[in-house]
Amino acid sequence: MKAFRILENNIKESFKGVFRNFSLSLASISCITITLILVGFSILLSCNVNNFTNEIEKDMTIVVFLDRNVTETEIESIGVRLKSLPNVKEGGVTFNSKESVKTDMQKESEVFKSIMSQYTEETNPLQDTYLVKVDDLADIKETVNEIKKIGKVDIVKYGEGSVEELVKIFDVVKKVTYVVVIALVVVTAFLISNTIKITIQSRKREIEIRRLVGASNTFIRQPFFFEGIILGFMGSIIPVIICCFGYSYLYDRLGGQLFTAIIKLVKPSSIIYTVMLVLVVVGVVVGAFGSFKAVRKYLKIWVRKYLKLYLLFWCRYSYL
């Protein structure tokens, strides 16, 4: 019961400390707010890049054109070979006969319909094809090379060159956003630590009095620790509003896509609550860590200072 009472008093003291040193608290909150806004934007960008990459992987299809003189048995054999390749998605191999290709093309245009209506099964110049979907776009080139080795395969098309470059670009963007998020969190912790150091300097007499009356390090640290948590939480409120509600507004204005229907944005309902939780947790943890680190360092300095004075005093009077 006593522990809860002490904890309650320390939390009350933390709130008083925040408003008592409002100018310094405002500086800490501003640092956290600005940094967390950037963190939130980086997280949203990273999630959308991942989503775009997944959409490309889902829609990316390798078109395998077979020789014109391929037999039914050879077609089945090629299908089995394609399904056995390591990077081919399960259920991702679909056969399209030249007759079905002809029918699909006729549906797309009246011109195609008019020209291709004259084609018979014997005179149809189109080729039988297999449509192949892969698990990992990064290994698509190796998969294509394996397909080319299969007998009776004429041409393999998948948008070579552009796909690899696109994958590389998105991979770089993802890595950069991860580095930016980590760097911003570290910078925030450093800024909060320095700001709270200034706060502690302005309250050093209060800490010294607590020391002299026998207060433990834990008892002295607790109000500052909770103060850091409060600052972190308050600093996360504006970033949550800007990132979550701003993203929802942007999503609605853009119709769920960026520039083109190919680049689809992540639905707000599947991401904003996660971003909200991450921003609050990062703010609170960074605030608590920065506060704890600042107080710990100051207490060490205080202990060393008074230990020297004590040794000096003891040496002088023991000599007398």
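Lysine 152 is partly exposed, with a relative accessible area of 29%; partly exposed means between buried, under 20%, and exposed, over 50%, using a 1.4 Å probe and protein chains only. This is a predicted model, where local features need pLDDT of at least 70, side-chain atom pairs count only at pLDDT 80 or more, and totals for chains, interfaces and linings use all residues. Residues are numbered from 1 along each chain as its sequence is written, and side-chain values use heavy atoms, with hydrogens and water left out.

Back to lysine 152. Its phi is near 70°, a positive value in a residue other than glycine. Lysine 152 sits in the loop between α6 (140–148) and β4 (153–157). Helices (H or I, at least four residues) and strands (E, at least two) are DSSP runs, numbered from the N terminus.

Next, the strands. Two strands pair if DSSP finds at least two bridges between them. Strand β3 (residues 129–134) pairs with β1 (residues 62–66) in the antiparallel sense, over 4 bridges. β3 also runs antiparallel to β2 (residues 88–96), joined by 5 bridges. Which residue in β3 is the bridge partner of isoleucine 62? That is valine 132, and valine 93 stands opposite valine 132 as well.

Last, the largest pocket. A pocket is an open set of points on a 1 Å grid over the protein atoms alone, where a 1.4 Å probe fits, with protein on both sides within 12 Å along at least five of seven lines; lining residues have an atom within 4 Å of a point. The lining has 17 residues, with Leu44, Leu45, Asn48, Leu258 and Leu265 nearest the centre. α2 (22–59), α9 (217–254) and β6 (260–264) each supply at least two lining residues.
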